[in-house]
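User: Hi! I have a structure open and would like to talk it through with you. Could you help me get my bearings?

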Amino acid sequence: MCTGEHCGGVVKRNYTQVRYTMGSGLTKEGLEASPLTTITEHQGGINCMALSEDSSLLVSGSDDRTVHMWSTKSEPIENLGVLNGHTGFIQCATVYDTYVITGSKDTTIKKWDMATAACEYTYTGHTGRVNRVICSGEFLFSTSHDKTARAWLFHTHDVHDPSQACIRVFEGHTGVVSAVIFVPGQDTGVPDDNGFNINPSDILITASFDNTARVWSFDTAQCLKTFKGHKMPITCMDTDPSGHILYTGSQDQSIIAWDITRGTKIKVVEDAHDGAILYLRVVNRLMYTTGTDNYAKCWARDGLENTRTYKDHTDSVTAARFHNGVLYTVCNDGIVRAFDAKSGSLKRKFLGHKNAVTCLAVCVNQQEDQVYTRLVTGDNNGILIVWNATGISSEVPMVTMDQEYQCKQNQRLEELNQHLDDYVADDPLTKSSTTSLGGGMNTDEIDNLGIIDDD
């Protein structure tokens with residue numbers, strides 16, 4: 001079901017507007033790397049990337065109001081199609097099971113079936129830009145410029161009234177709500193009065209530009225705790241693996257560790273960076289942050305001691321990803337960097353972007369007996385670049401995936417390819433082209449990519 005006027009998810013390939021170039025990706029003197037693939041299909045800045053659980057599907061969202069899907073299983077990466085329907089720029093995206101979920105400035109969230117590239121449902125209710133969307137399997141959670149967070153039903157086959165798709169509204173923040181984390185509690189195995197699998201100890205954590213973070217009961221939508229301590233907007237946050245400690249980073253340059261249950265401060269680092277903190281991510285016993293002070297940093301979670309500082313950037317470091325002992329960073333200076341996470345030494349500089357790099361993802365895939373690592377980055381001019389990151393880490397990359405999930409994903413990708421074949425066969429605009437869209441793509445054709453989160 002799709003509620004809304006602009007839900008048509010027609011898959012198209014525009015041969016006249018897509019440019020695709022390939023390089024060797026070889027390093028110069030072992031440090032500087034050139035692009036494997038440069039893609040100019042998006043017509044606006046890249047705001048987000050998302051990767052499926054098995055790394056086979058990648059999506060990228062842009063200022064041009066479109067979401068592009070790419071298959072990472074082909075070499076080079078294959079363009080699977082475009083999701084059209086949003087009327088505002090794409091702010092966030094995630095992939096769950098065989099669906100792509102997107103949030104937009106147009107205040108809506110859309111759920112797309114990746115096999116047909118059709119919008120299956122449009123969630124309406126927010127009155128401002130959708131900033132984040134995450135999926136727990138049974139539910140979606142979103143935050144917005146309208147100062148609220150919302151919970152939605154993921155499965156909408158039996159939802160006929162759009163208002164029924166939203167099951168909780170979390171109201172109380174006095175500023176834009178940005179980051180969101182869902183922490184599941186102990187599963188009682190007993191559905192609530194409405195038949196939903198919501199447990200009394202399930203909580204939602206939100207961060208806001210009102211300088212606070214809040215903990216909410218998912219069961220009642222009531223605010224349980226308000227974390228006050230930052231002097232400026234909270235820009236990023238994460239929890240420890242157990243979900244007991246919350247770490248928040250702010251424009252006020254500080255990091256605060258909180259006891260989630262008690263709502264109290266555990267540790268405050270006042271000048272964690274010499275500028276606004278833009279990114280914060282917990283990886284086991286460590287935590288990585290980036291900021292407008294041109295640095296990325298590593299912290300020991302216990303005690304919040306700064307153990308490494310990653311230098312060489314000449315502008316704000318907007319995001320980072322830790323993968324296999326390597327910390328990858330993207331920067332407003334247009335350079336992507338790979339550091340040895342343990343020593344802090346610079347391993348490689350990826351040169352190719354001419355504008356600020358906004359997002360990145362690391363993808364590990366296997367073809368026959370070869371396991372390879374690809375880095376994908378996007379910039380604010382709409383350029384996607386695929387880089388060869390194989391061999392940077394001394395650790396052997398592992399390809400792990402659930403076999404049942406992989407079979408289902410492969411089936412969906414085959415259906416999507418067949419959908420593309422049928423579309424091209426019926427489209428008179430493409431009959432004059434000598435390019436085949438069926439299986440792979442040759443070096444004269446287009447190819448694209450995009451990715452998301454840490455391991």
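Analyst: Happy to! One term before we start: rings of Phe, Tyr and Trp (its six-membered ring) count as a pair if their centres lie within 6.5 Å. Please also keep in mind that this is a predicted model.

User: Thanks. Which residues do ring pairs link into a cluster?

Analyst: The cluster is made up of F139, F141, F182, F196 and F218. Within it, F182 and F218 form an edge-to-face pair, with 5.8 Å from centre to centre and 85° between the planes.

User: And where do F182 and F218 lie?

Analyst: F182 is in strand β17 (residues 177-183), while F218 is in the loop between β19 (212-217) and β20 (223-228), so their pairing ties together parts that are 36 residues apart in sequence.

User: Is F218 buried or exposed?

Analyst: Buried: the relative accessible area of F218 is 0%.

User: How many aromatic pairs are there in the whole structure?

Analyst: The search finds 14. One of them is Y123 with W152, which is edge-to-face at 5.5 Å centre to centre, with 70° between the planes. This pair links distant parts of the chain, since Y123 belongs to strand β12 and W152 to strand β15 (residues 148-153), 29 residues apart. Both Y123 and W152 are buried.

User: You mentioned β12. What sheet is that strand in?

Analyst: β12 is part of an open sheet of four strands, ordered β9-β10-β11-β12, and the pairing is antiparallel. Its edge strands are β9 (90-96) and β12 (118-123), each of which pairs on one side only. From one strand to the next, the twist averages 20°.

User: How many bridges join β9 to β10?

Analyst: Six bridges join β9 to β10 (residues 99-104), and the two run antiparallel. If you want a spot to look at, V95 stands opposite V100 in β10.

User: Nice. Which rings does the charged end of K111 sit over?

Analyst: One is the ring of Y99, with the charged end of K111 5.2 Å from its centre. Another is the ring of F154, where the distance to the ring centre is 4.7 Å.

User: Switching topic: where is E41 found?

Analyst: E41 is in the loop between β4 (37-39) and β5 (46-51).

User: So is E41 buried or exposed?

Analyst: E41 counts as buried, because its relative accessibility is 8% and the cut-off for buried is under 20%.

User: What does the E41 side chain make polar contacts with?

Analyst: Its partners include the side chain of H68, at 3.2 Å. The side chain of N79 is another, also with a polar contact of 3.2 Å. E41 and N79 are 38 residues apart in sequence, and their C-alpha atoms are 9.8 Å apart in space.

User: One more stop, please. How many residues of β33 are buried?

Analyst: Eight of the eleven residues in β33 (residues 357-367) are buried, so the strand is largely enclosed by the rest of the structure.

User: And how does β33 pair with β34?

Analyst: β33 and β34 (residues 370-379) pair in the antiparallel sense, over ten bridges. Within that pairing, V362 stands opposite L375 in β34.

User: What about the turn between β33 and β34?

Analyst: The two strands form a hairpin with two residues between them, and E368 in the turn has a positive phi of about 55°.

User: Great, thanks for the tour!

Methods:
Residues are numbered from 1 along each chain as its sequence is written. This is a predicted model: local features need pLDDT of at least 70, side-chain atom pairs count only at pLDDT 80 or more; totals for chains, interfaces and linings use all residues. Side-chain values use heavy atoms; hydrogens and water are left out. Two strands pair if DSSP finds at least two bridges between them. Axes are lines fitted to C-alpha atoms, for helices over the stretch in contact, and angles run from 0 to 180 degrees between N-to-C directions. Buried means under 20% relative accessible area, exposed over 50%, partly exposed in between (1.4 Å probe, protein chains only). A polar contact is a pair of N or O atoms within 3.5 Å; within protein, one must be able to donate a hydrogen and the other to accept it, and residues adjacent in sequence count only if both atoms are side-chain atoms. Rings of Phe, Tyr and Trp (its six-membered ring) pair if their centres lie within 6.5 Å; planes under 30 degrees apart count as stacked, over 60 as edge-to-face and the rest as tilted. A charge sits over a ring if NZ of Lys or CZ of Arg is within 6 Å of the ring centre and within 35 degrees of the ring normal.
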